[in-house]
Amino acid sequence: MFTLRPLALAAASWVATGAFAQATPTALDAVIVTGTRAKDRTLADTAVPVDVLSRDEVLRAAGPDGNLAAALQALLPSFNFPRQSNSGGADHVRAAQLRGLSPDQVLVLVNGRRRHTSAVVNLESKTGKGTNPVDFNTIPLSAVARIEVLRDGAGAQYGSDAIAGVVNIILDERASGGELTTEAGAFHTKFAPTGQPLTDGQTQSASLTQGWALGRGGFLRGGVEALHRSPTNRAGLDSLPPWEAQTAANLATVGQRNYAPGEPATHQWQAWFNAAAELQPGVRGYAFGTWQERRSLGAAYFRYPDGSANVAAVYPTGYRPQTTGDNRDLQLVAGLKTSWADWDLDLALNRGQNDFAYGVRRTLNASLGAASPREFHLGDFGSRLTALHLDLSRELAVVGLARPLTLAWGLEAREDGFVTGAGDAASYQVGPVSAPAGAQAGPGLQAGDATRRSRRVVGAYLDLSADLSRDWQGNLALRQDHYSDFGNATTAKLSTRLALDRTLALRGALSTNFRAPSLAQQGFAFTVTDRGDGGVLSQVRTLPVDHPIARYLGAQDLKAETSRNASLGLSWQPSSAWSTTLDAYAIRVKHRITLSQRISRDGLAAELKSKFGESGIDGVNFFTNALDTRTNGADLVTQWTGPALGGALRLGWTASFNRTTVNGGGNVGLEEVNTLTDASPRQRHIFSAQWQGGQWGLSGRLTRHGSTTRVFDFGDGFVPRQTYGAVWQLDLEAQVQLTKALGLSFGAVNATGKYPTRSIPDISYFGNFPYDVLSPIGFNGAYYYARARLAF
């Protein structure tokens with residue numbers, strides 16, 4: 001039920017969304033810049049599907065944590081952003097998907113320039129396991145002018161990663177005016193597993209932006225943001241796992257909420273700028289940048305009072321470790337635009353870096369006994385990108401063509417880097433006490449596993465775009481990339497659009513694309529050391545593919561993932577108020593990279609000691625090109641805009657359908673196959689309505705999240721499986737413009753407080769995790785908020 005009490009609490013913190021978010025549909029004649037080098041391509045005549053999301057749409061849809069990925073999921077049915085929890089590093093850096101593919105198979109651009117990836121290697125996550133994709137949450141919401149999402153392969157235009165598509169975030173360049181925005185909200189829900197009302201996840205955020213004119217036609221716009229969010233907890237009542245000792249201290253935990261699945265506590269600060277100015281006649285300089293520091297606190301499994309992982313003298317009632325993340329992110333780009341002969345020239349230098357310090361607190365290393373530290377630094381991770389871009393384009397008049405064709409070519413030189421640093425020695429040390437070794441909810445990265453890797457990339461592309469007749473458009477792109485670590489990649493794309501009449505057009509594309517193996521997948525190493533049978537030290541190791549032991553066990557140099565994409569669509573615009581597009585697609589990916597199953601067999605430790613002189617290695621895994629996949633799907637987008645009820649009304653229906661199947665996979669487990677095929681929804685529908693009349697505005701969004709399936713493989717033939725049914729989510733917002741400068745908004749995300757299907761006992765871990773993380777609706781219930789914006 002929608003209640004006013006949480007809204008009143010939120011309003012007490014007061015909010016600010018100035019000249020509040022209006023119903024601003026993107027015009028079909030708006031010029032797009034993603035997926036084309038032509039200067040005059042619009043939404044109405046693009047040969048491939050492109051979504052354009054306005055600034056106001058993104059701000060309204062960002063959800064409880066002001067996350068860009070959450071906004072994209074709310075607005076795009078083909079975009080999936082699950083709320084992972086109790087998942088190590090994935091609690092702090094969450095991965096997103098496009099068209100059901102891997103998170104690292106979508107390319108992210110900012111103002112058309114490649115965004116660097118996150119440094120965190122997700123080994124404990126469900127979605128995106130073994131990947132380190134772009135962290136959307138590092139891009140400030142207040143910086144966004146619009147977002148263009150190309151739902152098609154674009155490797156021939158942009159290089160690696162653009163298999164599922166491209167997300168291009170265009171930054172705000174208004175040269176005057178400022179805005180102060182504040183928001184406050186909280187989750188409020190009746191939590192069925194415990195029968196209690198819960199109010200938590202209290203969030204406060206603020207942003208300030210300002211623009212200035214620079215000379216003739218120049219601008220400087222910048223802003224700062226801050227966000228604080230308290231954690232949520234959706235744990236059920238513990239029934240005590242049967243392998244834990246049935247002692248009085250352990251039994252005292254029964255019926256308690258000992259775990260903490262939910263949203264992590266977060267403190268976040270961000271800043272950004274975007275600028276351009278005429279340096280001299282015919283020469284325009286530009287620069288932009290984003291910065292973020294985010295500190296977050298995740299949850300780990302509870303350790304029972306009389307469990308082997310506890311020291312009763314330290315934690316007499318047991319303990320739940322908390323993982324800590326300190327994420328620092330920076331991107332700076334500077335460039336020049338000018339004319340050279342008849343060419344438009346754009347030269348830019350791009351620098352991006354992400355650093356993540358990982359730790360754990362309220363824990364211990366049980367093998368060190370009561371002398372153990374209670375807090376540990378688990379390791380450092382770093383990702384680097386430095387790139388130089390040269391783009392040239394011109395129009396050429398060609399006999400027989402209705403309009404000049406656009407010819408573009410360019411060069412890119414890039415250096416990628418990945419580095420890891422060891423954690424505290426005590427975080428992985430095997431102490432004198434016969435108890436589990438290493439920091440609980442760790443262990444840390446060992447000194448011998450620290451790595452530093454880099455590579456150089458050189459790419460060149462050629463792009464042609466032409467109106468072959470008044471009704472027929474054609475586009476051709478070719479690209480060659482050379483990687484210093486794995487060799488060459490050649491990609492091509494052909495797309496076309498044919499207007500069948502004034503309202504109906506047929507469009508389609510064929511392309512080849514690739515994703516280079518990340519440096520993390522090539523070089524990441526991690527070791528877990530503990531005591532095995534008889535107190536003998538035992539190791540389970542994740543090894544780089546070029547390590548001699550990995551080679552001996554079958555590892556090979558990683559190949560690039562390659563894809564063949566095909567799409568065919570219809571675009572129908574019967575009037576200026578109504579448009580519909582339907583695009584079907586097929587994506588065949590070969591050599592998909594994933595983490596192998598653990599290789600473990602009788603006598604493995606003795607075998608490896610004999611051959612390599614390393615003792616106690618009982619299990620090994622590594623990254624491998626293990627399987628091929630095929631994804632078939634379709635996307636529907638329809639919208640209507642017109643007058644209604646004394647104002648302007650916009651109605652929309654967008655839907656996504658996709659299905660992925662797997663070929664091969666001899667060294668890939670059931671859980672990974674589940675992740676690739678049916679762990680994310682195969683269908684999503686979004687019905688939206690926005691009305692604006694005078695000083696009032698109303699918006700609503702009804703989303704149907706399709707079913708998801710979870711598979712666990714606990715060994716010895718115990719493979720529980722559950723399919724979670726489809727669920728409907730309702731989001732509502734009301735806006736009022738109090739003055740020309742001040743507007744207020746009140747709303748609810750998941751206003752009816754829906755939850756996914758309850759997990760079965762074999763999956764809910766003895767009642768502690770009543771809901772799975774797979775459904776996009778999450779498992780926190782309703783979130784109520786108030787916002788205000790002051791324009792000046």
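Modeller: Happy to. The accessible surface of the chain is about 30400 Å², computed by the Shrake-Rupley method with a 1.4 Å probe, where only the protein chains shown count as cover for residues. Carbon and sulfur atoms hold 58% of that surface. This is a predicted model, so local features need pLDDT of at least 70, side-chain atom pairs count only at pLDDT 80 or more, and totals for chains, interfaces and linings use all residues. Residues are numbered from 1 along each chain as its sequence is written, and side-chain values use heavy atoms, with hydrogens and water left out.

Now to the side chain I would pick, Q522. Q522 sits in helix α6, residues 519-523; helices here are DSSP runs of H or I with at least four residues, strands are runs of E with at least two, and both are numbered from the N terminus. With a relative accessibility of 10%, Q522 counts as buried (under 20% relative accessible area with a 1.4 Å probe and protein chains only; over 50% is exposed, and in between is partly exposed). Its side chain makes a polar contact of 3.2 Å with the side chain of D485. That term stands for a pair of N or O atoms within 3.5 Å; within protein, one must be able to donate a hydrogen and the other to accept it, and residues adjacent in sequence count only if both atoms are side-chain atoms. Setting aside neighbours within four places in sequence, Q522 is in contact (heavy atoms within 4.5 Å) with D485, R453, R455, P517, P544, V545 and L558.

Buried residues make up 59% of the 792. Among contacts with a separation of 6 or more, 71% are between residues 24 or more positions apart.

For a buried residue in a strand, take A276, in β11 (residues 265-280), which counts as buried at 8% relative accessibility. Beyond its neighbours within four places, the contacts of A276 include L214, F219 and Y286.

Helix α9 (residues 670-677) gives another view of burial: its buried residues are E672, N674, T675, L676 and T677. They pack against β24 (578-595), β26 (623-644), β27 (647-664) and β30 (708-711).

R99 has a phi near 60 degrees, positive in a residue other than glycine, and counts as buried at 1% relative accessibility. A341 also has a positive phi, near 55 degrees, but this residue is exposed, with a relative accessible area of 66%. A cis peptide bond joins G442 and P443, with omega about -5 degrees; P443 belongs to the loop between β16 (405-421) and β17 (452-467).
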